[in-house]
Amino acid sequence: MYGKGKLYCEKCYKEKSEFIKGRKYKLTMLQALPLDLKITKTKMLIQEAIDRYGDSVYISYSGGKDSTVISHIARQIKPDILHIFANTTCEYPETIEHIMWEKNHNGMNLLIVTPHDKYNRPWNFKRVVTDEGYPLFSKVVANAIRTYRRAKTPQTKQNSIEYMERRFKKYMDFKDKNISDKCCEKLKKTPIKQAAHKLGMECSIMGLLAEESRQREMDWVNFGCNVFDVKKDNQCRPISFWTENDIYEYIKTYDVKISELYNKGYTRNGCMYCGFGIEFDIVDGKNRLERLADTHPKCYKYMVDNFKDIFDECGIKY
């Protein structure tokens, strides 16, 4: 056992370290490219997916700025490409307004799906929090807490504690709180995948940026942009090497219409009550939940009425 986490022998640890170092260097070089070259590469990646899967390629659409840029580029190649949007029941009103504009006025081939369980009972945010836990801190932290809380054997519980002690020690005080990473899976990922499967879709185009989180960066390091025949789902992630500045430069250069939400102090759309990354999403001294009081007071009241206990228990400002 060798190195942080003690997962490799010394030889394999060094080989893995060199691999990661090389891939991170390549990502840095790609992120430094000028926008015109990034656009060219992005189009090549999308074309590669279309050449391979034909009409069975679709865009996993969120209504946010990243997926809107993806859509703008992809429709230059395939104007009628299918977009699948999951209405999670806690979308910002501006997101819904934007996707309806895309559908009704901008010719987007859009399918809107809603989340249901295997008994066809509807999922909503409150039910997910009640049944699974609130999405707080980050997906990896919430996953570790959920694994600990739902452990079926003492050994699994102990393994979870050791894992958290090693990687997320500052969150150990919250290990018994009602926290989980299941929200996105229940409300967004599963409905989109189910709809895609029914339609015979084979590959999703996703607007993910490697710079958004360490988890996404490492996913790019290990798999790159186009991930075919490796994971359960085939994925084309053609702007993963872009930066947020590239996104805004593209929007300005090509006059791309995005949600009005971004004019209200928000840097991401997502779900209104999501707590992932809440510690770092600070604008003018306020986090995402605090800003909701100013921009969407009715939604803020609903959030406080239903979820203030978990915020108080975990020291989350709202």
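**Close-up views of a predicted model**

The structure holds 16 aromatic pairs, and the views below, all taken from a predicted model, start with two of them.

**View 1. Phe125 and Tyr134 meet edge-to-face.** The ring centres of Phe125 and Tyr134 are 5.3 Å apart and their planes stand at 90°, so this pair counts as edge-to-face. Are these two residues buried or exposed? Both Phe125 and Tyr134 are buried. They also belong to one aromatic cluster, together with Tyr273, Tyr302, Phe307, Phe311 and Tyr318.

**View 2. Phe137 and Tyr171 form a tilted pair.** Here the ring centres lie 4.7 Å apart and the planes meet at 45°; an edge-to-face pair would need over 60 degrees and a stacked one under 30, so the pair is called tilted. Follow the chain and you will find that this pair links distant parts of it: Phe137 sits in strand β4 (residues 136–137), while Tyr171 is in the loop between α7 (154–167) and α8 (183–198), 34 residues apart. Phe137 is buried at 4% relative accessibility, and Tyr171 is buried too, with a relative accessible area of 9%.

**View 3. Helix α11 has several buried residues.** The buried residues of α11 pack against β8 (275–276), β9 (282–283), β10 (286–287) and α12 (297–314).

**View 4. Asp281 makes a polar contact with Arg291.** Look for Asp281 in the loop between β8 and β9. Its relative accessible area is 8%, under the 20% cut-off, so Asp281 counts as buried. The side chains of Asp281 and Arg291 make their polar contact at 3.3 Å. Beyond residues up to four places away in sequence, Asp281 touches Thr267, Arg268, Lys286, Asn287, Arg288 and Arg291.

**View 5. Lys157 sits over a ring.** The ring belongs to Tyr148, and the charged end of Lys157 is 4.3 Å from its centre.

**View 6. Ser259 reaches Glu94.** Where is Ser259? Ser259 lies in the loop between α10 (244–253) and β8. With 1% relative accessibility, Ser259 is buried. Its side chain reaches the backbone oxygen of Glu94 at 3.5 Å. Setting aside neighbours within four places in sequence, Ser259 is in contact with Gly63, Glu94, Thr95 and His98.

Methods. Residues numbered from 1 in each chain as written. Predicted model: local features only at pLDDT ≥ 70, side-chain atom pairs only at ≥ 80, totals over all residues. Heavy atoms only, no water. Buried < 20%, exposed > 50% of the residue type's maximum accessible area, 1.4 Å probe, protein only. Helix = DSSP H or I, 4+ residues; strand = E, 2+ residues; numbered from the N terminus. Contact = heavy atoms within 4.5 Å. Polar contact = N/O pair within 3.5 Å; in protein donor to acceptor, adjacent residues only side chain to side chain. Phe/Tyr/Trp six-rings, centres within 6.5 Å; stacked < 30°, edge-to-face > 60°. Lys NZ or Arg CZ within 6 Å of the ring centre and 35° of its normal.
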